[in-house]
Every structure is written in structure tokens, then in C-alpha cells.
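Colleague: Could you take me through one part of this model up close? I'd like to see how a single residue ties in with what surrounds it.

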Amino acid sequence: MTINQKVGYPIIPHPETEGGYSVEIPDINGGSWTQGDSIEEAIEMRKDLIGTMLLDETALPASTPLNQLAIPAKSFAVLITVDLTAYRQTHAAV
């Protein structure tokens, strides 16, 4: 039986002056970034980044509580989840 391994990490979407969003993921690889043309796309891209960075990891980074993050004005933080089991099944090396 396979147990689903779901992980939760905070993300901080930052609106860009030219449009779109950059998304900061503080707990992944010492701080990782992705982006998207819309908030929905930017948040979806974070799932791929987290899955890619943790694909082969057995020791996962700790998740920082939202109230311990420095959040700039016009940005916000949200806790998101990624199903690593499902990600690994669809992205495993052949």
C-alpha cells in the first residue's frame, strides 16, 4: 500500500510592477523563486518547483510558520500543499 506524502510550505506571492507575480518559497533550497503571469499561474508554478526540488529527497526541509515570515507590503503569505507521492509518480525518471 502506498501512503500519500503531502507536504505543506508557505509561499509569498509578490506582485510585479510590470505585471505578473514572483513567488518566494523560503523553505525550499535556502529560498527559491518562481513566477507567473497571473496569481493562479504563479501559485501553480510553485507546485512544480517544490516537487522538482524535493523529487529525490528523503529528508524534507521544515516548514516555517506563517507568523514567523517577513512579508513585504503588497505581498501576502499562504500555506500550500504538494502531494509528493503523486508528483514522484508522474515525474519519475524512466
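**Val82 and its surroundings**

Modeller: Leaving aside residues up to four places away in sequence, Val82 touches Gln5, Lys6, Val7, Arg46, Lys47 and Ile50, where contact means heavy atoms within 4.5 Å. Bear in mind that this is a predicted model, where local features need pLDDT of at least 70, side-chain atom pairs count only at pLDDT 80 or more, and totals for chains, interfaces and linings use all residues. Residues are numbered from 1 along each chain as its sequence is written, and side-chain values use heavy atoms, with hydrogens and water left out.

Now for the core. Val82 is among the residues that touch the most other members of the largest nonpolar core, along with Tyr9, Ile25, Ile28, Ile50 and Leu54; the core has 13 residues. By nonpolar core I mean buried Ala, Val, Leu, Ile, Met, Phe, Trp, Tyr and Cys residues joined through side-chain atoms within 4.5 Å, with buried being under 20% relative accessible area (1.4 Å probe, protein chains only). Strand 1, strand 2, helix 1 and strand 4 each supply at least two residues, and helix 1 gives the most, with 4. Helices (H or I, at least four residues) and strands (E, at least two) are DSSP runs, numbered from the N terminus.

On to the sheet: it's open, with 4 strands in the order 3-2-1-4 and antiparallel pairing, pairing being at least two DSSP bridges between two strands. Strand 3 (32-36) and strand 4 (78-83) are the edges, each pairing on one side only. Helix 1 (residues 39-54) lies across strand 1 (6-15), strand 2, strand 3 and strand 4.

Definitions and conventions. Axes are lines fitted to C-alpha atoms, for helices over the stretch in contact, and angles run from 0 to 180 degrees between N-to-C directions. Buried means under 20% relative accessible area, exposed over 50%, partly exposed in between (1.4 Å probe, protein chains only).
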